[in-house]
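Grab your viewer and work through a few exercises on this fold. Try each one yourself before reading the solution.

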Amino acid sequence: MRIGVPKEIKVHEYRVGLTPSSVREATAHGNAVIVERGAGAGIGMTDGQYAAAGATLAASAAEVFAAADLIVKVKEPQPQERQLLRPGQVLFTYLHLAPDPEQTRDLVASGAVCIAYETVTSAAGGLPLLAPMSEVAGRMSVQVGAYFLEKAHGGLGILLGGVPGVDPAKVVVLGGGVVGTHDRNPEALNRLWAQFGRPLNTVFSTRDAVERHVAGADLVIGGVLIPGAAAPKLVSAELVRRMKPGAVVVDVAIDQGGCFETSRPTTHTDPTYVVDGVVHYCVTNMPGDVPRTSTLALNNATMPFVLALADRGWQHALLEDPHLRNGLNVCNGHVTCQPVAEAVGRQYVDPLTLLH
Ligand SMILES: NC(=O)c1ccc[n+]([C@@H]2O[C@H](COP(=O)([O-])OP(=O)(O)OC[C@H]3O[C@@H](n4cnc5c(N)ncnc54)[C@H](O)[C@@H]3O)[C@@H](O)[C@H]2O)c1
């Protein structure tokens, strides 16, 4: 199979779909890999390293899309990339379609086979291709929260960890999964309690609990997820009005639409805005700013699936692996992920009816 790796073009997105090591692995399996020149620059990988790993270099994204049967990317295709997709071509990347009806419309119109990293599942019940980036974003959320709590950056002027004799910041984390610890799943709360014990309070997430804890918080981190669906709005605009001026909100769940009513997507170029005195950080591609760590972690997780798609062909790979099949969001002009179909108001089609 011909695998294509274009350079990422989202604002300040420096990750890349495949590292040279992954290219070497794919070519050793008998696949051809076409990489856009400069695609690995953000992680310090040169065109020469890609060529040495067996890739053919292409001058433009258009050339990559035209040559490849399978496109491996990181972020959702931007409008100009969507125009390059063709019927039957396989796209393997993060999509986050639930809050993005325009992208869904374009992918449906393209006729391509679009597999979203974030809805691929594992036998253990997790999301193996989302988890590595949530590990990165979860750690970053505390770093950026600490940064924006500083006075010069618009915050309350509180040192996140405090000092002996002075309290640390009060941090509330909504969602006790990989990013976060204020959950509605008792098993998640038990796991966190066992892991952290006393320094961490876990709270069953109810409207009352959210109001009580968020109103008095210095930093609130949003990390809830209902796989494939738009994020539930746990914090209303009215509750944000009751927060302290200078408090900070880091809405990691913004890629699924965000869990604060006041959230709207931002970029690494202009990451924050203020609503009712509360600093909002809502960057949709947080791991893109630590691309070396993120690309390696992502490739560790995606490579077995890339090889399955390339070696077996998408139809066989999806028929044989129900977990990879859960990643199929759009196929041959149909929406094949139920929560996405519900969120964007389109008809759901069972993927099995499209696989032969
Ligand atoms: N902004 C970024 O750059 C970035 C990067 C990585 C991940 N993310 C996003 O972060 C979010 C969280 O990812 P994750 O891997 O931690 O997910 P996860 O599935 O591991 O955890 C989500 C948790 O939210 C809980 N939850 C769902 N609804 C809830 C509610 N109403 N109240 C309280 N808890 C609720 C679930 O029980 C689950 O434990 C996702 O939207 C993901 O896409 C964003």
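The exercises below go from the domains to a helix between them, then to a sheet and a loop. Keep in mind that this is a predicted model.

**Exercise 1. Work out how the chain divides into domains and what the side of domain 1 that touches domain 2 is made of.**

Step 1: Start with the bounds. The domain assignment gives domain 1 as 2-120 + 291-355, and domain 2 as 131-288.

Step 2: Now place them relative to each other. Taken over C-alpha atoms, the two domain centres are 30 Å apart.

Step 3: Look at the contacts. Domain 1 puts 22 residues in contact with 17 residues of domain 2.

Step 4: Find the elements behind the domain 1 side. Helix 10 and helix 13 (338-344) each supply at least two residues there, and helix 10 gives the most, with seven.

Step 5: Sort that side by class. You get 12 nonpolar, six polar and four charged residues.

**Exercise 2. Describe helix 10: its span, its bend, its buried residues and what follows it.**

Step 1: Helix 10 covers residues 291-312, which makes 22 residues. From first C-alpha to last it reaches 29 Å, close to the 32 Å expected at 1.5 Å a residue.

Step 2: Thr 302 is itself on the buried list of helix 10, and so are Phe 305, Val 306, Leu 309 and Ala 310, among others.

Step 3: Step off the end of the helix. Gly 313 follows, and its phi is positive, near 85°.

**Exercise 3. Which elements cover the buried residues of helix 6?**

Step 1: Helix 6 has 18 residues and reaches 25 Å end to end between C-alphas, close to the 26 Å expected at 1.5 Å a residue.

Step 2: Pick out its buried residues. They include Met 133, Val 136, Met 140, Val 144 and Phe 148.

Step 3: See what lies over them. The cover includes strand 8 (219-222), strand 9 (248-251), strand 10 (272-275), strand 11 (278-281) and helix 10.

**Exercise 4. Is Gly 154 buried or partly exposed, and why?**

Step 1: Locate Gly 154 in the loop between helix 6 (131-148) and strand 7 (171-174).

Step 2: Count neighbours. Gly 154 has 18 other C-beta atoms within 10 Å, so it is partly exposed; buried would need 20 or more.

Step 3: Leave aside neighbours within four places in sequence, and Gly 154 is in contact with Phe 148, Thr 272, Val 274 and Val 279.

Methods
Residues are numbered from 1 along each chain as its sequence is written. This is a predicted model: local features need pLDDT of at least 70, side-chain atom pairs count only at pLDDT 80 or more; totals for chains, interfaces and linings use all residues. Helices (H or I, at least four residues) and strands (E, at least two) are DSSP runs, numbered from the N terminus. The expected span of a helix is 1.5 Å times one less than its number of residues. The bend at a residue is the angle between axes fitted to the seven residues ending there and the seven starting there. A residue is buried if 20 or more other C-beta atoms lie within 10 Å of its own, exposed if 12 or fewer, and partly exposed in between; C-beta atoms are placed from the backbone. Domain bounds come from an automatic or database domain assignment. Two residues are in contact if their C-beta atoms, placed from the backbone, lie within 7 Å. Ala, Val, Leu, Ile, Met, Phe, Trp, Tyr, Cys and Pro count as nonpolar, Asp, Glu, Lys and Arg as charged, and the others, Gly among them, as polar.
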